[in-house]
Amino acid sequence: MNCQECREQLVAYVEGLLDESARRDVEAHLEACAACGAERDAAVRFQGRLVSDAHALGQAPLAEAVMEGILREQTFRLRRIAARRKYLRAGLAAAATLIAGTVLASLLWERDVTLADVQEAVGRESWIHIRYDLDETKLDELPTIMQNDGIVEVWISLRDGNRYTHWVNGNAEFHDWARNISHHYKKQYGYIAVQWRSSYPPGMKPPEWKPKTAWESAVGPAEQQAREPKDTKYVRVERHDDTIDGRNVLRFDRFFKDETGERLLNQLWADPKTRRPVRERLHYRTSEAERKQGKRQSVTGVYDFPQEGPSSIYDLGVPPQTKVVLIGNDIPLPKPDVRKIIAAAEKAQHDFPTSYRAVIWTNDADREIEVIHRQGEKVRRDRCVSMGPERPAQHLPLPASAEQVLEWTRKQVPALVSLFDGERLLERTGPAGADAAGKRDLPQVRVTRMAAEDFFASGGNPIVLFQWPVGPAITSYVYEVVSGGSETPAGCIALRGEKGGSRSDIYLDPSVNYICVRSVNWFKPHGEWEKTTEQWLSRFQRLPGGQWYAARRLWIDYGGPEPRRHRSQEYWNIDLKVLKADEFPAGLLDAHKLLEGVQQKPE
Amino acid sequence: VEQCLNGRSEAYRHLVKRYQRPLLSYLTGLLGQASEAEEAAQDTFVRAYSALDRLRKPDAFFSWLLAIGTRVAKDQQRAAQRNRKIARALSRPEAPADNLEASPAANYGLRRAISGLPAVYREVILVRYYGELSCSEVAARLGMPLGTVTKRLSRAHAMLRERLAASNECEAAKDCEVDR
């Protein structure tokens, strides 16, 4: 290994990410080369500097400001739309009864249009259907962007404004204009999410849909923009004469910039004689490499105008059994019965696997690391403390994967082992640190008899407790459903329990087995409610049996009652693996083994 | 990102929380002052939200966000320059207009050096340290092999230390030695 190779591996080495042989190679080089050794030390120090700078940045309360900004922006847009409509209404009021006449007049502008054409255009158009030349079976031929974003077909109802979109990857979407909701189907998730208020935010009702002709709906905006450029998605629209199959048509080249500033082009062809759009070409942003490989850069869609269109999202190839999941935005869900919710959470608790291994650690080197093995009523918890960088020989390089954490704990003597064998709780501490003469005390074990239900209710099963802090066995709060509000995470049911001067708010998410996504504890020292602690669970993972668990836990301590300490927050990583009986390490759950060679403390 | 595209606008709040630190660090490096960076970050997130349905690859959310951030910062700098010109024009010629400007943010040197890195290195440094993600998480988030992430980080470390040494920044901070 030369210096260059060694230096490229330094971060992987320092973070313990190299395999055994690569690690040995780097170590051998570091021992032999003083310059690279110094480079490693500098890398470690510099890493510390980056971490402390990131901490110094803190968590500015940006999210609230951003959400407010988004709402303001949406309101501003809506006002603009409303003002435009008002202007339009005023203009049309003078000729309210002549709308058909206006259409007629604009049609007659093109000389060889007959009244029959007009009647056909106005009276018989029900749907616009655009079919693009993408083949679902030949995804490999497309650049990545089209595999994700390529549209296969679009349906627009001219009578009610409803719209269906179908993508090449199987995803589909339905927007219901009047009800202001949308259905989103993502193939990889396998469910349909319903979003309320899809086009208009709270407090705004969509205006009544005015039936349009295909020309008004698809070509009108391009014509308008070519004549009088306004601040819309398209920065410039050019109108050109063109021909398709010998027919004279109009071509609108619509240029727009995406958010990175790149200029893109959408083209639209329309036949002024039939007053109908004919085809559309969407140009995609592709990479240089993809262009060299000859991958597609655009798709072409052909318009047709069927009388009947889809009646639901299932008509776009979404499997008929697909479940609909309600996602409420900020709309309070109908108040369900508390008992049913708690029962659902308790059922999820009950259905959670009872044989597993869980590894819990933080990305903070000085924190406790815990490994839990549970087999039915037997639970063993091994707790180790990762020593800080001042003791590099025992230091666990963090962040680390669950396997790395486990490997590290195997080499440690746990500071505390507790084992519940169904009847007794054995807690082994030590061995204590060596005394001046270098002698170590024997480890000590305290044995307590207790019933299984007491053990589990008193926190013996932390994973389940984090996820479902509900039910009379665990909490004495009597909960009530409270209305959503901004504190409620999306899609969650908010429950509140109060007793004396304390309060508990929990937010359960029905889409992940009623897991408590967020919980907040409050107290009232001076007539005002103040937060004491808060927990957030995230990164939900699915176990082979279908149950969900949270792989990340954020714990915020606001400091206890008087005097208020400084607020602290910690992230915990949780890795859970369901184990079969023969996968538990031999003797791990054996109480007799734990008692070997130790002093027993009185019960 | 997937959830936001699926219509969970509340999920966006989490996205903001997840990426605000890397973005703030980057914008501080570009703009110099914490308050300006915060304003630009806010604007960036709002712009990104309106354009979320045009994000083609959810995996590329962070690099896309940085691209928007760059534009916002440039717009902001242009506006500030315009304002300064107006202020100068209105005041007496000898009035030092720059007196009004705040002092640079703490650790500005480090963040400026990060912002000045080539995009591929900048991205991994920001996501790994300011986003508080492990190397494997960075690899998954940015859709690249773990080995690429660690190599880029190693190179980025070396580049940053060299740049800081060149600007005497390390000497002042004393916690970043380049033993050569």
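Salt bridges in the predicted model

Over all chains the count comes to 31 salt bridges, a salt bridge being a side-chain nitrogen of Lys or Arg within 4 Å of a carboxyl oxygen of Asp or Glu. This is a predicted model, in which local features need pLDDT of at least 70 and side-chain atom pairs count only at pLDDT 80 or more, while totals for chains, interfaces and linings use all residues. Residues are numbered from 1 along each chain as its sequence is written, chains are lettered from A, and side-chain values use heavy atoms, with hydrogens and water left out.

Reader: In which helix do Lys347(A) and Asp351(A) both lie?

Author: The side chains of these two residues, Lys347(A) and Asp351(A), meet in a salt bridge at 2.7 Å, N to O. They are 4 residues apart, about one turn of the helix. Helices are DSSP runs of H or I with at least four residues, strands are runs of E with at least two, and both are numbered from the N terminus. The helix, residues 338–351 of chain A, is α11.

Reader: Is Glu370(A) buried or exposed?

Author: Glu370(A) in strand β14 and Arg383(A) in strand β15 lie in chain A, so the pair ties together parts that are 13 residues apart in sequence. Buried means under 20% relative accessible area, exposed over 50% and partly exposed in between, with a 1.4 Å probe and protein chains only. At 8% relative accessibility, Glu370(A) counts as buried.

Reader: What is the N to O distance between Arg424(A) and Asp421(A)?

Author: Arg424(A) is buried, at 17% relative accessible area, and Asp421(A) is buried at 19%. Their side chains meet in a salt bridge, N to O, at 3.1 Å.
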